[in-house]
Amino acid sequence: MVKIPAKMRTHCPKCGKHTTMTVRQEKGGRRGSGMVAGTRRAVRNKKGSGNKGKYSKKAISQSKMASKTSQKVDLRLTCDVCKATWVRNYPRSRGVEIVKSA
Ligand SMILES: [Zn+2]
């Protein structure tokens, strides 16, 4: 569990200087669409008949995919001066807790 302060002072691209930001955790499902280059290539190569080389192989089982116990977290920062909002990525961690500081 990583504790992140609810307010942090960081650079605002719109103001062009460091301002106080309100931190909120972005809810999941907004990181990428899933249709990355490799996925598009696989869809294209699976068309038609016959042996498709590596695309004829079975997919890696879900049990092998679910070996990671940590999750990538997105933080949503809102500038307290200009109210502009954007998402900042946070490295992999078991969990994130936003702590309200006095
Ligand atoms: Zn700003």
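1. Four strands form an open sheet in the order S2-S3-S4-S5, and their pairing is antiparallel; strands here are DSSP runs of E of at least two residues, helices are runs of H or I of at least four residues, and both are numbered from the N terminus, while two strands pair if DSSP finds at least two bridges between them. Strand S2 (7-12) and S5 are the edge strands, each with a single partner strand, so one side of each has no neighbour in the sheet. From one strand to the next the twist averages 45°, where axes are lines fitted to C-alpha atoms (for helices over the stretch in contact) and angles run from 0 to 180 degrees between N-to-C directions.

2. The model is a predicted one, in which local features need pLDDT of at least 70 and side-chain atom pairs count only at pLDDT 80 or more, whereas totals for chains, interfaces and linings use all residues. Residues are numbered from 1 along each chain as its sequence is written.

3. The protein chain contains two helices and six strands, which follow one another along the sequence in the pattern β-β-β-α-α-β-β-β. Of its 102 residues, 2% are buried, a residue being buried if 20 or more other C-beta atoms, placed from the backbone, lie within 10 Å of its own, exposed if 12 or fewer do, and partly exposed in between.

4. Within the sheet, S2 and strand S3 (residues 17-25) are joined in the antiparallel sense over six bridges, and Arg9 stands opposite Thr20 in S3. S4 and S5 likewise pair in the antiparallel sense, over seven bridges, with Leu77 opposite Trp86 in S5.

5. The hairpin of S4 and S5 has five residues between the strands, and in it Lys83 takes a positive phi near 65°, a positive value in a residue other than glycine. Lys83 lies in the loop between strand S4 (71-79) and strand S5 (85-93), and it counts as exposed because it has 9 C-beta neighbours inside 10 Å.

6. Ala84 is found in the loop between S4 and S5 and is partly exposed, with 14 other C-beta atoms within 10 Å. Leaving aside residues up to four places away in sequence, Ala84 touches Cys12, Lys14 and Cys79, contact being defined by C-beta atoms, placed from the backbone, that lie within 7 Å. Ala84 and Cys12 are 72 residues apart in sequence, yet their C-alpha atoms are 8.4 Å apart in space.

Technical notes. Contact = placed C-beta atoms within 7 Å.
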